[in-house]
Amino acid sequence: MGDEVVFVFAFEALRSLANGTFGKPLTEKERTESLRGKGLGAPLPAAMLHDARSMGARALACDTTVKLCGLTAQTLTAEGVLDEVMGLPQLWRLTQDARVLSF
């Protein structure tokens, strides 16, 4: 729709993205919801993220959060897990007037 789309990952979402388990169900409730989504023909979260990024959406994280998670910015960006790691002030300015959806 022409809007800039930015996903900012933190903590468990960031760790799961880094280890390739983003969107995979972890609990029985999530497994039930995942099966329900599959029955409805809904794409998996990882597939939706991949599609969004292929259309120009960016995946970002705060540099301090990356360090707190025991990850490195260089690895995350070199492997294409994230498009960029930046400081919180940069993220703040980037998202200042954004519409925010949180899941």
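Visitor: Helices here are DSSP runs of H or I with at least four residues, strands are DSSP runs of E with at least two, and both are numbered from the N terminus. How many helices and strands does the protein have?

Guide: Six helices and three strands. Keep in mind that this is a predicted model.

Visitor: What pattern do they follow along the sequence?

Guide: The pattern reads β-α-α-α-β-α-α-β-α.

Visitor: What does the C-alpha trace span along its principal axes?

Guide: About 40 × 35 × 20 Å.

Visitor: And how many residues are there, with what percentage buried?

Guide: The protein has 103 residues, and 21% of them count as buried.

Visitor: Now contacts. Take those with a separation of 6 or more: what share comes from residues 24 or more positions apart?

Guide: Such pairs account for 69% of those contacts.

Visitor: On to the sheet. In what order do the strands come?

Guide: The order is E1-E2-E3. The three strands form an open sheet, and the pairing is parallel. The edges are strand E1, residues 6-9, and strand E3, residues 84-86. Each edge strand pairs on one side only.

Visitor: How many degrees are neighbouring strands turned against each other?

Guide: On average, 30 degrees, with direction ignored.

Visitor: How many bridges join E1 to E2?

Guide: Four bridges, with the two strands running parallel. Strand E2 covers residues 58-62. Look at Val-6 for an example: its bridge partner in E2 is Arg-58.

Visitor: And over how many bridges do E2 and E3 pair?

Guide: Three, again in the parallel sense. Here you can look at Cys-62, whose bridge partner in E3 is Met-86.

Visitor: Is E2 mostly covered or mostly open?

Guide: Mostly covered. Four of the five residues in E2 are buried.

Visitor: Let's pick a residue. Where does Phe-11 lie?

Guide: In helix H1, which runs over residues 11-18.

Visitor: Is Phe-11 buried, partly exposed or exposed?

Guide: Phe-11 counts as partly exposed, because its relative accessibility is 41%.

Visitor: What about its backbone? Where is phi of Phe-11?

Guide: Near 45 degrees. That is a positive value in a residue other than glycine.

Visitor: Which residues does Phe-11 touch, leaving out those up to four places away in sequence?

Guide: Thr-65, Leu-68 and Cys-69. Take Cys-69: it is 58 residues away from Phe-11 along the chain. Yet the C-alpha atoms of Phe-11 and Cys-69 are separated by 6.3 Å.

Visitor: Where is Thr-65, then?

Guide: Thr-65 is in helix H4, residues 63-68.

Visitor: Why does Thr-65 count as buried?

Guide: Thr-65 is buried because its relative accessible area is 11%. The cut-off for buried is under 20%.

Visitor: What does Thr-65 touch, apart from residues up to four places away in sequence?

Guide: Ala-10, Phe-11 and Leu-14.

Visitor: How does anyone find where empty space is left?

Guide: By rolling a probe the size of a water molecule over the atoms.

Technical notes
Residues numbered from 1 in each chain as written. Predicted model: local features only at pLDDT ≥ 70, side-chain atom pairs only at ≥ 80, totals over all residues. Heavy atoms only, no water. Buried < 20%, exposed > 50% of the residue type's maximum accessible area, 1.4 Å probe, protein only. Contact = heavy atoms within 4.5 Å. Pairing = 2+ DSSP bridges. Axes fitted to C-alpha atoms, helices over the stretch in contact; angles between N-to-C directions.
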